[in-house]
Amino acid sequence: MLRRFLILFTLLGPFAAAAGEHADRIAAVLDRHILPGFTRFAAEAEVLKDAAEADCAPRSPALRAAYHAAFDAWLGVSHLRFGPTEAEDRAFALAFWPDTKGFTPKSLGSLIAAEDPVVNDPAGFDHVSIAARGFFALEFMLYDPGFADQGRPAYRCALIRAIARDIDANADAILDDWQTRYADLLRNPGKGESPYRSEEEAVQELFKALLAGLQFTSDTRLGRPLGTFDRPRPNRAEAHRSGRPLRDVAMSLEALDALAGLLAQGHPATTAALRAAFDEARSLAAGLDDPTFAGVANPQGRLRVEILQQSIDRIRALSGAELGPFLGVAAGFNALDGD
Amino acid sequence: MPNRRTFLAGLSAAVLSPTASWAAAGAPDFLSGARTAGGSYVLAGLRGTGEVAFTLDLPGRGHAAAAHPVRPLAVAFARRPGTFAIVLDCASGDVIARLEAPEGRHFYGHGVFSAEGDIFYATEHDYEAGQGVISVWNTSDFTRRDEFPSGGVGPHDIALMPSGHRLVIANGGIETHPDSGRAKLNIPTMRPNLSYFGIDGGRVETVELEGALHKNSIRHLAVRSDGLVAFAMQWQGDGSVEPPLLGLHKAGAQPQLLQAAPEDQRRMMGYAGSVSISSDGTLAAISSPLGGLAHVYELGTGKMVAEYEASDICGLGPVKGGFFFTTGTGASGRIGGSDVTDAATSRLSWDNHLVAIPKPG
């Protein structure tokens, strides 16, 4: 027989948000951030698919513009890594980065060399390696000179169209999953099939998404190109082939700012502190004038990127020290950062 | 500042002191890292009764430690991605050596001594290649003597098999790079495994889980006296999935995965932070600081038989009739027996792991 023991109780801080407020908070994040964000992303992905159908030339201005607009829309939701984005590896199939082992160029190269007919089979393309799908695969095909003359032009065109079509299908699948299933699960914790037992757990999921998004932007989007002082790595910046590294950081900050603001509702001091911290990071990013982080290779340029990184780390610290306790989801010494 | 040579000469003398045993360090049963109320970090010796036998200052947050089989020596690692470990004489409190990871490497926070204590093995990361390495050190002077591939990416825990001739390594599968802190870089393609090596570095066997579980990072180990290996996992995939978090393996056989009823399994939050096998070999326990929960399994039946709720519980170690546990809130006590003993509390926030000190005989 299963025996259960309770050893200690967890005490919530005295300033924790009241439980009733959590329902409003969850609804606000869903209705003003998550659902509109994925709706916009699905719409931009469709424009991208249509642009590739209309003109698959890598230098097509319309195609490149659609690529950037869809990528921007993805950055509005790319931090929401739970539920629909995780099913079937959808988010990784949209954004396979970082790619430390170079799987994306290898996988694309094999498809092209074999002229794999899977590009003509929309249902089959979602079984292609996730490294050859999504925005980073498309970026290689549109911007990398190494892929400009690999294989036959007709095959490259078919591959570009297949990747764009797959991005669109994936965006639709995520949106549909949110609209028909997951929004209700998040809105109704403790009921039916909801994976959340309580409103606190649902809020914790949203809070974790904020922290993970901040960590990814600081440690990975900025940390990888920064490398070390002796060995800066500008070629490891995210989407550097299409000139997006700084844009990705700025767009992700916009999205995280919006989420943080909705979570902090009801606590004016935390709201104001987060607002000021995001404003600082935003103005540092706007003033950087180094769209690809190429400047990390010289000491002055490097310092400015490090200062931007530190400003994001201040938001992380503030979120952990003030927002988490306010939401009643402060994590323990071990739970906070396991190993 | 003393130069390195004289420093090391001093060390060897200390290490070779023939008389000292763990009794001289207050006869602790376990080692654990901890944070003090003042915010500094220590390595502590703990008894199975909850008493603190000693605390020694550490330069930063530790992770796991390794205990010498005979002498009161502990190797305390800096937290991942730390590049050093310090060797402490737990009787005198002296730091007697410092292990430095070579250029391009960092430690993962776990290591183990050979049966006689003359060799020390540590899990290490070759971070440009993204490959795991086991470094091999002489304990007479703590110089590096060798290394061999760990058989995978992200080796974490390492344990000595009861024969003393083999090592078992949990290759967690997760690639990181110090440029990106602790960010996980390869979740969609990760492939953890459990690998066995001879103590000379020759690979004996590698065990992988079925494809659908490739995001279940195999990270921590406990070994029974008959060679049964219990491994604890941390799920990196879709949060709506409730994967098994405890596995058992016997050399040459298929792994057996254990899980509780879905409702209980879900409360572990896809995360097992530590694993332990009871001294009598009948029970295994895993802890989840994320869920504030420990689950005890009966090894004979593979069933989860007891569940303990304790905020930020993580450290687990064997005691007679069950397990000793520690929490990040400073609590410690016993679970797994017929009752829960009164939990002791201290002003120390216990870190992830309890490392059992080998018992003579």
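Chain B has 2 helices and 29 strands. The structure is a predicted model, and everything described here was computed from it. Along its principal axes, the C-alpha trace of chain B extends over about 60 × 45 × 40 Å. For 361 residues, a compact globule would have a radius of gyration near 21 Å, and the 19 Å of chain B agrees with this.

The make-up of chain A is 11 helices and 1 strand. The box filled by the C-alpha atoms of chain A, taken along the principal axes, is roughly 65 × 55 × 40 Å.

The two chains touch each other. On one side of the contact are 37 residues of chain A, and on the other are 41 residues of chain B. Two elements of chain A, β1 (3-6) and α8 (199-226), each give two or more residues to the side that touches chain B. The largest share of that side comes from α8(A), with 7 residues. By class, the residues of chain A on this side are 17 nonpolar, 11 polar and 9 charged.

The strand β1(A) also takes part in a sheet with strands of chain B. This open sheet has 5 strands in the order β1(A)-β23(B)-β22(B)-β21(B)-β20(B), and the pairing is mixed. Its edge strands are β1 of chain A and β20 (274-277) of chain B, each of which pairs on one side only. On average, neighbouring strands of this sheet are turned by 20° against each other, direction ignored. Where the chains join within the sheet, β1(A) runs parallel to strand β23 (residues 303-309) of chain B, and 4 bridges link the two strands. In this region Arg3(A) stands opposite Ala306(B), a residue of β23(B). Ser274(B) has Ser287(B) in β21(B) as its bridge partner.

A further open sheet is found in chain B. It consists of 4 strands in the order β12-β13-β14-β15, with antiparallel pairing. β12 (155-160) and β15 (203-207) of chain B are the edge strands, each pairing on one side only. From one strand to the next, the twist averages 20°. Strand β14 (residues 193-198) of chain B runs antiparallel to β15(B), and 4 bridges join the two. The bridge partner of Phe197(B) in β15(B) is Arg203(B).

Within chain A, α8 packs against another helix. Two packed helices are described by the angle between their axes and the distance between the axes. The axes of α8(A) and helix α9 (residues 245-263) of chain A come within 10 Å and cross at roughly 160°. Angles over 145 degrees count as roughly antiparallel, and α8(A) and α9(A) are therefore roughly antiparallel to each other. The crossing in which α8(A) passes α9(A) is left-handed. Among the residues of α8(A) in this contact are Leu206(A), Leu210(A), Leu214(A) and Arg221(A), while those of α9(A) include Asp248(A), Leu253(A), Leu256(A) and Leu263(A). The contact of α8(A) with α9(A) has 14 nonpolar, 3 polar and 2 charged residues.

In chain A, Trp97(A) and Pro98(A) are joined by a cis peptide bond, with omega about 0°. Pro98(A) lies in the loop between α3 (90-94) and α4 (103-114) of chain A. In chain B, a cis peptide bond joins Arg80(B) and Pro81(B), and here omega is about 0°. The loop that holds Pro81(B) runs between β5 (73-78) and β6 (84-89) of chain B. Asp89(A) is not a glycine, yet its phi is positive, at about 55°. This residue, Asp89(A), is placed in the loop between α2 (61-75) and α3 of chain A.

Note on methods
Residues numbered from 1 in each chain as written. Chains lettered and ligands numbered in written order. Predicted model: local features only at pLDDT ≥ 70, side-chain atom pairs only at ≥ 80, totals over all residues. Contact = placed C-beta atoms within 7 Å. Nonpolar A, V, L, I, M, F, W, Y, C, P; charged D, E, K, R; others polar. Pairing = 2+ DSSP bridges. Axes fitted to C-alpha atoms, helices over the stretch in contact; angles between N-to-C directions. Parallel < 35°, antiparallel > 145°, perpendicular 65-115°, else oblique. Left-handed = near helix turned anticlockwise from the far one by under 90°. Rg over C-alpha atoms; globule rule 2.2 N^0.38 Å.
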